[in-house]
Amino acid sequence: MEVVLTQDVDSLGLRGDVVNVARGYARNFLLPRGLAETATPGLKRELERRDAQRARHEAKTVEEARAIASRLEAANLRFDVNAGPTGALFGSVTATNVADRLWEQEKVRIDRRKLQMTSVKRVGRYTVPLEVFPDVVAELTVVVAPEGQEPPTDEELAALEAGDAEAAEPAAPVEAVVEETAEAEAEAATAEPAPEPAE
């Protein structure tokens, strides 16, 4: 069943994409939550019209594209988001968010699919490549900071990542001990003969 996504859906697609999904997934999950609409021929034509309109807004020549790229590289896109004490976000910053912020801040429309990024789920500074025109790539600076605070420095980010790595390491030996204990119990159960029932 073809549907048009109305919001970004992890591992499925971005807002405005036409995707083919199982009928039950669409009927029981996507449609009731408002994440998608059924892809009718009229809706597909409307999406094509929007794509054509967006294409007209894009750069027409390489020189214009280079001028736009230099303007975008000078821009600093800041996102104030809810984040935990370890720098993990409650939510994420997606390509759609970056494209919308570029329009709000720089009045430049871009196709979010031209942003070569995955969802950002941690606080920090990111460099996002954007294909403005064939052979013209701009490097956007995206800063993700906790609400009402300055973004952490590179040293603080490294310390947070090291703390996350240390927290994850002790979990592995505990799992290994649990597996070894379970294997030992299984061997002991098979080694001991079962007692004969008394008659």
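## Terms and basis of the model

Contact here means heavy atoms within 4.5 Å, and helices (H or I, at least four residues) and strands (E, at least two) are DSSP runs numbered from the N terminus. The model is predicted, with local features needing pLDDT of at least 70 and side-chain atom pairs counting only at pLDDT 80 or more, while totals for chains, interfaces and linings use all residues. Residues are numbered from 1 along each chain as its sequence is written, and side-chain values use heavy atoms, with hydrogens and water left out.

An open sheet of mixed pairing is formed by three strands in the order 4-8-7, where two strands count as paired if DSSP finds at least two bridges between them. Strand 4 and strand 7 are the edge strands, each pairing on one side only, and the twist from one strand to the next averages 30°, with axes taken as lines fitted to C-alpha atoms (for helices over the stretch in contact) and angles running from 0 to 180 degrees between N-to-C directions.

Strand 4 (residues 76-81) runs parallel to strand 8 and is joined to it by six bridges, with Val-81 standing opposite Pro-146. Strand 7 (residues 124-133), in turn, pairs with strand 8 in the antiparallel sense over nine bridges; Val-128 has Leu-140 as its bridge partner, and Phe-133 has Val-136.

Helix 4 (residues 95-106) lies across strand 4, strand 7 and strand 8 and runs at about 120° to strand 4.

## Burial and nonpolar cores

Strand 8 (residues 136-146) is largely enclosed by the rest of the structure, because eight of its eleven residues are buried, that is, under 20% relative accessible area, against over 50% for exposed and in between for partly exposed (1.4 Å probe, protein chains only).

A nonpolar core is a set of buried Ala, Val, Leu, Ile, Met, Phe, Trp, Tyr and Cys residues joined through side-chain atoms within 4.5 Å. The largest such core has 25 residues, and those touching the most other members include Leu-72, Val-93 and Leu-140. Strand 8 gives the most to this core, with five residues. Apart from this core lies another, of nine residues, among them Val-3, Val-19, Val-21 and Leu-30.
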